[in-house]
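Please read these notes alongside the sequence and the coordinates. They are meant for a reader who has not seen this structure before.

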Amino acid sequence: MDFLRWLIEAFNSQIAIGSSALLVREVVGNIFGLASAVGGMRRKVWAWPIGIVGNLLLLTVFLGSIFDTGYTANLWGQAGRQIMFIAVSVFGWYRWKQAKNGTGSAVTPQWASNKARLGLIAVLILGTIAVTPIFRMLGSYEPVWADAWTFVGSMLATYGMAKGWVEFWLIWVAVDAVGVPLLFSAGYYASAFMYLFYGAFTLVGFFVWAKSRRDAKPQIETEMLDPTISRKR
């Protein structure tokens, strides 16, 4: 019981940086997120449960006024995508576990079809347009469209990762390009710096997966002949 109380106090504590402060659980949640990204780049199944832990921590961070974290800005898109991450991560965890091969890698990277690429772009744009008024009604931080963009883009990127599409890394780049300025303006500095690092990391991940796709050996199925049947001469 004492350990649980200590743990709660530790996660509610803050790290003073100049005139501002960072929540410990915001830092820890982003560290778990980074570990999940590293595992995803290496195509390891454990990337999914590690990411879920980070999502649960960050969910309480982005709803600042509700959980009395000291942040007054509620980012409903950032908070909502943590819930979405958890749901999609369960799907990805199951899919990668089922697809795990003898080399220890969960999936073989593949390029999405042109139809799938067009679908991703369409959903990203139309989804942002559709979600923006909902987040504005909930009182999300301005500019609300940026919060909606990060929410929809994160959903698509996580789904693409579960499917094993190389392009999912590029979706993360698009998410970070909008999400980093939003987080800085809202005062979520730990997450902003972490997402700034993610921006560079996702580019590395893209080239790693693209190389894995290029180096992947094609699988050739051979017909097993019945040795008891002799060939006619």
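This is a predicted model: local features need pLDDT of at least 70, side-chain atom pairs count only at pLDDT 80 or more; totals for chains, interfaces and linings use all residues.

1. The average pLDDT of the chain is 77, and 73% of the residues reach at least 70.

2. Of its elements, helix 5 (residues 114–138) has the highest mean pLDDT, 93, while helix 1 (residues 2–12) has the lowest, 56.

3. An unreviewed UniProt entry annotates "transmembrane region" at residues 45–67, 79–96, 117–138, 144–162 and 192–210. In the model, residues 117–138 are 100% helix and 0% strand, with 31 Å between the end C-alpha atoms. Residues 192–210 are likewise 100% helix and 0% strand, and their end C-alpha atoms lie 27 Å apart.

4. Which residues line the second largest pocket? They are Arg 117, Leu 120, Ile 121, Leu 124, Glu 167, Leu 170, Ile 171 and Ala 174. Helix 5 and helix 7 (168–186) are the elements that give two or more residues to this lining, and helix 5 gives the most, with four.

5. The space in the second largest pocket is about 170 Å³. Its lining has six nonpolar residues, two charged ones and no polar ones.

Terms used
Residues are numbered from 1 along each chain as its sequence is written. Side-chain values use heavy atoms; hydrogens and water are left out. pLDDT is the predictor's confidence in each residue, from 0 to 100. On a 1 Å grid over the protein atoms alone, a cavity is a set of points where a 1.4 Å probe fits but cannot get out, and a pocket is an open set with protein on both sides within 12 Å along at least five of seven lines; lining residues have an atom within 4 Å of a point. Grid points are joined across faces, edges and corners, and a volume is the space filled by probe spheres set on the points. Ala, Val, Leu, Ile, Met, Phe, Trp, Tyr, Cys and Pro count as nonpolar, Asp, Glu, Lys and Arg as charged, and the others, Gly among them, as polar. UniProt positions are given in the numbering used here, feature names are shortened, and annotations may be inferred rather than shown by experiment.
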